[in-house]
Amino acid sequence: MKRESEIIRVIYHKDVTEFFKSLGLFDKLTSGEILCSVCGEKITIENFRAVTRKSGKLLFCCNKDACIQEFISSLKGGKNDIVSGTDH
Amino acid sequence: MISFLELIIELVTKYGVWGIIVSFVVIIIYLLRVILDEDKSAAWRARFYKAVYKISGKSEAEKKYIENDISSRINLARRNMPFGKEYLPKAIKVQWVEGGEGKTAQIKENELLIRLDPAESQERNIVLLANALVKQTSLVGIRYILEKPMEISIDLNLVKNLLREIGNKKILDWYLRNEYIPTIDSSYEIKEWNGKIVEIDEKGLFTRLFLVELDDYSKRVAGKTETKEMFDEIAGLVEFLYKISTKAYGQDVPLDYMTKNIKIGVILVGETSKILLTGIEPYLKAFAYKTQQQLTSIYVIQWDKEFLGTTDPKIYKQFVETTQKLDEKILEKFRVQKDFELKYTCTDASGKKRKAKISRYIPVSQ
């Protein structure tokens with residue numbers, strides 16, 4: 001019997017640059033225009049931790065523990081929704 | 001693994017050719033079990049790719065190791081987390097986003113993509129995905145009602161339990177030091193809720209009762225706008241279970257919890273001597289009373305003194321038989337459906353280790 005699994009897509013640490021290029025956001029990343037949607041810090045190749053899409057906008061998260069916890073919680077209808085994002 | 005090899009050696013040295021034949025059959029059965037169990041086979045794949053990665057340093061081997069190691073550890077651990085008749089959280093499947101020139105990464109609405117660290121930081125990767133899995137697949141349909149400190153406390157304990165079941169001290173320590181304790185220390189409210197949930201969890205009622213009721217609750221309020229009353233009902237359920245979990249010997253605590261959307265009753269078989277002395281009649285009377293209260297579920301929780309089994313096997317046998325009889329009589333006398341029965345171990349208020357059993361009965365409407 002096939003069990004029900006939650007598919008979580010992950011990005012390899014050596015593929016981060018390629019990933020941003022494939023999103024067409026590499027220039028924005030290098031010019032510091034992409035911010036962590038939780039704490040507002042600039043996202044870089046080194047501190048990028050997660051991304052999601054909400055209401056069409058891409059939201060990014062840095063690698064701070066507090067930020068990633070808040071970021072993941074907000075995806076499943078938690079109370080404190082994160083708001084700022086990047087159009088793509 | 002070592003005991004398995006010892007068994008093979010013993011068979012060969014003791015029985016010669018027959019030992020070799022039996023060992024061969026045992027190995028075939030073992031291999032078949034591993035192959036047929038996708039989590040166990042993932043664990044073996046992880047070991048293989050880890051070795052390949054250590055020797056070659058190749059990215060493909062590193063990715064295969066990370067992916068298989070995470071899946072096998074989390075999926076094997078969740079099998080020890082019963083949530084009523086199911087397991088909590090859902091099984092995980094790790095999928096790499098293929099980068100590269102000319103490829104466009106597609107991200108769906110609400111989909112979460114996580115960047116993982118190198119294989120050398122695998123503890124961090126496991127904690128990250130355990131967090132994501134718990135938050136994505138538990139408390140479904142209920143998160144919007146919960147106030148943040150309670151939601152965080154529930155998640156913290158689910159992740160902690162999942163990582164504890166992995167059985168790797170390094171991973172659990174990493175989580176406790178870097179996430180669990182700092183989060184608890186960050187807020188008085190989180191500390192308060194967490195303290196209560198830990199007590200409930202220690203008595204085995206967190207995943208086996210509280211989360212089961214929350215799951216039912218989410219179905220009852222599906223589509224409704226959140227209200228303060230809804231959160232108060234859930235907060236009240238935590239308080240109700242906390243009182244039961246911290247009940248001292250001989251102390252009376254409420255055993256029914258009735259609100260607009262939650263109506264549950266509990267029968268405690270907590271004093272071994274009482275049921276052995278009085279028999280099952282008082283418990284059946286209590287059950288009969290509860291069936292008249294229009295409850296949606298009735299739990300029978302048995303905590304028996306573990307030493308009974310070793311110091312006085314006769315009395316222990318009598319206790320087991322009496323409690324089995326209680327279950328049979330409940331199903332015979334009342335219009336209820338048995339939803340599940342789960343056996344586990346826990347620690348009582350005085351620190352004694354006890355075997356425990358929880359059964360959930362659902363009254364069938366006339």
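Visitor: At what angle do H5(B) and helix H6 of chain B pack?

Guide: This is a predicted model, in which local features need pLDDT of at least 70, side-chain atom pairs count only at pLDDT 80 or more, and totals for chains, interfaces and linings use all residues. Residues are numbered from 1 along each chain as its sequence is written, while chains are lettered from A and ligands numbered from 1 in the order in which they are written. Helices (H or I, at least four residues) and strands (E, at least two) are DSSP runs numbered from the N terminus, and axes are lines fitted to C-alpha atoms, for helices over the stretch in contact, with angles from 0 to 180 degrees between N-to-C directions. The axes of H5(B) and H6(B), residues 169–185, are 10 Å apart, and the angle is about 170°.

Visitor: Are H5(B) and H6(B) roughly parallel or roughly antiparallel to each other?

Guide: Angles under 35 degrees count as roughly parallel, over 145 as roughly antiparallel, 65 to 115 as roughly perpendicular and the rest as oblique. The angle here is about 170°. H5(B) and H6(B) are therefore roughly antiparallel.

Visitor: How many nonpolar residues are there in the contact of H5(B) with H6(B)?

Guide: Two residues are in contact if their C-beta atoms, placed from the backbone, lie within 7 Å. Residues of H5(B) including B:Ile152, B:Leu156 and B:Lys160 meet residues of H6(B), among them B:Ile171 and B:Tyr175. Ala, Val, Leu, Ile, Met, Phe, Trp, Tyr, Cys and Pro count as nonpolar, Asp, Glu, Lys and Arg as charged, and the others, Gly among them, as polar. By class, the contact has one polar and two charged residues, and the nonpolar ones number nine.

Visitor: Which residues of H9(B) meet H8(B)?

Guide: H8(B) and H9(B) pack at an angle of about 160°, with axes 11 Å apart. That makes them roughly antiparallel. From H8(B), the residues in contact are B:Leu209, B:Phe210, B:Glu213 and B:Leu214. In H9(B) their partners are B:Ile234, B:Leu237 and B:Leu241.

Visitor: Which elements give two or more residues to the side of domain 1 of chain B that touches domain 2?

Guide: Chain B is divided into domain 1 (88–94 + 120–245) and domain 2 (247–366), with bounds from an automatic or database domain assignment. In the contact between them, 16 residues of domain 1 touch 18 residues of domain 2. The elements of domain 1 that give two or more residues to this side are helix H8 (206–220) and helix H9 (228–245) of chain B.

Visitor: How many residues of chain B are in contact with chain A?

Guide: Chain A has three helices and four strands. Strand S1 (5–11), helix H1 (16–23), strand S2 (48–54) and helix H3 (65–75) of chain A each supply at least two residues to its side of the contact. Chain A contributes 36 residues, and the number from chain B is 41.

Visitor: Which elements of chain B do the buried residues of H3(A) pack against?

Guide: A residue is buried if 20 or more other C-beta atoms, placed from the backbone, lie within 10 Å of its own, exposed if 12 or fewer, and partly exposed in between. Eight of the 11 residues of H3(A) are buried, so this helix is largely enclosed by the rest of the structure. Among the buried ones are A:Cys67, A:Phe71 and A:Leu75. They pack against S2 and strand S3 (57–62) of chain A, together with, from chain B, strand S4 (112–115), helix H4 (122–137) and helix H5 (148–166).

Visitor: Is B:Glu328 buried or exposed?

Guide: B:Glu328 lies in helix H13 (residues 313–333) of chain B. Because B:Glu328 has 11 C-beta neighbours inside 10 Å, it counts as exposed.
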